[in-house]
Amino acid sequence: MSYLKSGSLVLYVVFLFVGCSDDVLVQIEPNYEKISGGSSHTCMINLDSNLECWGTNYYGESTPPIGQYKSVSAGSSHTCALRSNNSVVCWGRNDEGQTQTPPGTFKKLSAGGNHSCAIRMSGEIECWGANDEGQSSPRNGIFIDISASRGYTCALNVDHEIECWGAEEYDVTRPPHSHFISVNTGYRHACGLKVDNTIDCWGADNRWQLTQPSGRYKEVIAGTHQTCALDFDNVLQCWGGLGAVDEIPPLKDVAGVAVGGLHGCALRYNDDVACWGSILHGRKAPIKGSFVRVSSGFTHSCGLTTEGNTKCFGKTINSEADGEQGPGSKALEIGVGDDFGCALLRDKSIRCWGDNSFGQSAPPMGQFNTLNVGEAHACAVRDDGIVACWGGNRFGQSSAPSGNFKDVSAGSAHTCGLTHDDTIECWGAFDEDIVVDSNMARNYVSVSAGLRNTCAIDTDSALECWGPGSADTRPNGLFKSVSVGSNGDACVIDENNSLQCWRFWSSPNPFDIINAPKGSFRSVSVGGTNACAIRDDEEIVCWGSSSYNLDQGDYPTSKFF
């Protein structure tokens, strides 16, 4: 797939000898891939040599292992990277063995559709993964550049000629006879940068992939249907494309570019990242900042920063929720519902925003200690321990009982509260026998209500859940916190601060929330199509659906190369 060569840009010197028809090329300085666009995800390496990935994460392709890296290459549903010790590591989808890396040290690598290839220090190529089209059967010889795509691979040999192997559709494995500096493969087309810095492309032309511009360039990157090139004035020009990436204006001050499925991203010399294309295909990067709270609704999420500000990301019914949103005042707690949100402010009042079809954005007056937001209603505990709920009440979920409570959790059609006696009391629900367990006898420290399930952690740190499928699917062990979502999923943070997620029902969730990221976490919130958690370093990480831009937000603020 496409990848970027940036950072220390390569400087080439071409010597023209009178009477000779061939150009002699000398490479002065090595370079490494710093950003790479796959089919629906993007990865890049920052100044600290750490990897950051965003976009789809159905197979873990956007969850890189911790370590120091030199280069990265994003494939269709897997990713490979070159570690600082020149070993290769891959992660993500592995149905064809595309992440089962060989031992040894390498100097170049490329992740394709369902195979991967790398150049050893000796210059020889080794490939692994699918080989149904011959894409993992490399040519013999010494090579200096390589690019793997879906079903085929191209490489640049020491004579600066391109050799390709694999699928022969559209003659994509028949490169022109010339001398090249680099090669880059797209879906069914490929491009090479010639020694005179002009561009030559071959293969499919159904999306105008071969209508390359004239002029001299220092980089060319081929995506699924779109191709981009960077000239010597650091201006980026793109051609071809599909849908959302068809037309983009030239970008200036660009240091490098990655083009993926229906998206592209460019690194600028001021350390900014400019991206374009579909939010379904990895356009945006993870939200950045230091957070103390996070809450996930059905299609968007909000985080509460250490300064008390609210940052929302994702998509509501009427608009995208990116950027500073919320109460407009410093907050202590935040909650997000289906298409609205509420915050507990520092003066202990509550302010809500968003959809108000059921009165869910019209909180009561008074001072409150805790707040929790459900699908279309919200509840809070007053200073005197009385629960107040507002919003949708079709099933009685907003008809709070009398009594003394210290916490409350609002689900989709029911609500549960933790009393001052550390017992649990629930109300509402469309099927009371399924959702509410009337025989809760133990003492508890927290409770979380979802769609048709509820979970609680007792004073011994044990987890108890009720509702359909609860006894069969919940994890075993000791836990610190639990969050039940509005679409049949739940996550816990265990005693080692690791995430464990599961699904209550046998029917699969297409948003793949159960594949939680690795690491150490402080809190977690599960919504309808996504989940978000706060790491120990106070950063938010989200996973699940990218159709609503939920695992994405503002472009990264890290410094790159």
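Tutor: Start with burial. A residue counts as buried when its relative accessible area is under 20%. Keep in mind that this is a predicted model.

Student: Is Cys342 buried or exposed?

Tutor: Cys342 is buried, because its relative accessible area is 0%. Cys352 is buried too, at 13% relative accessibility.

Student: How do I spot a disulfide?

Tutor: Look for two cysteine sulfur atoms within 2.5 Å. Cys342 and Cys352 are joined in this way, with 2.1 Å from S to S. The angle about their S-S bond is 105°, and the link is right-handed.

Student: Which strands hold Cys342 and Cys352?

Tutor: Cys342 lies in strand E29, residues 340-345, and Cys352 in strand E30, residues 350-354. The pair therefore ties together parts that are 10 residues apart in sequence.

Student: How many disulfides are there by this rule?

Tutor: The count comes to 13. Cys191 and Cys201 make one of them, at 2.0 Å from S to S. Their link is right-handed, with 105° about the S-S bond. Cys191 sits in strand E16 (residues 189-194) and Cys201 in strand E17 (residues 199-203), so this pair ties together parts 10 residues apart in sequence. Cys191 is buried at 0% relative accessibility, and Cys201 is buried at 8%.

Student: Why is the disulfide of Cys491 and Cys501 called right-handed?

Tutor: Its torsion about the S-S bond is about 110°, so it is right-handed. The sulfur atoms of Cys491 and Cys501 are 2.0 Å apart. Strand E41 (residues 489-494) holds Cys491 and strand E42 (residues 499-503) holds Cys501, so the link ties together parts 10 residues apart in sequence. Cys491 has 0% relative accessibility and counts as buried. Cys501 counts as buried at 15%.

Student: Now the rings. How many aromatic pairs does a search of the whole structure find?

Tutor: It finds 3 aromatic pairs. Phe405 and Trp427 form an aromatic pair, 6.0 Å centre to centre. Planes over 60 degrees apart count as edge-to-face. Here the planes are 70° apart, and the pair is edge-to-face.

Student: What does the pair of Phe405 and Trp427 tie together?

Tutor: Phe405 is in strand E34 (residues 405-410) and Trp427 in strand E36 (residues 424-428), so the pair ties together parts 22 residues apart in sequence. Phe405 is buried at 1%. Trp427 is buried at 7%.

Student: Where does the charged end of Arg188 sit?

Tutor: It sits over the ring of Tyr187, 5.0 Å from the ring's centre.

Key
Residues are numbered from 1 along each chain as its sequence is written. This is a predicted model: local features need pLDDT of at least 70, side-chain atom pairs count only at pLDDT 80 or more; totals for chains, interfaces and linings use all residues. Side-chain values use heavy atoms; hydrogens and water are left out. Rings of Phe, Tyr and Trp (its six-membered ring) pair if their centres lie within 6.5 Å; planes under 30 degrees apart count as stacked, over 60 as edge-to-face and the rest as tilted. Helices (H or I, at least four residues) and strands (E, at least two) are DSSP runs, numbered from the N terminus. Buried means under 20% relative accessible area, exposed over 50%, partly exposed in between (1.4 Å probe, protein chains only). A charge sits over a ring if NZ of Lys or CZ of Arg is within 6 Å of the ring centre and within 35 degrees of the ring normal.
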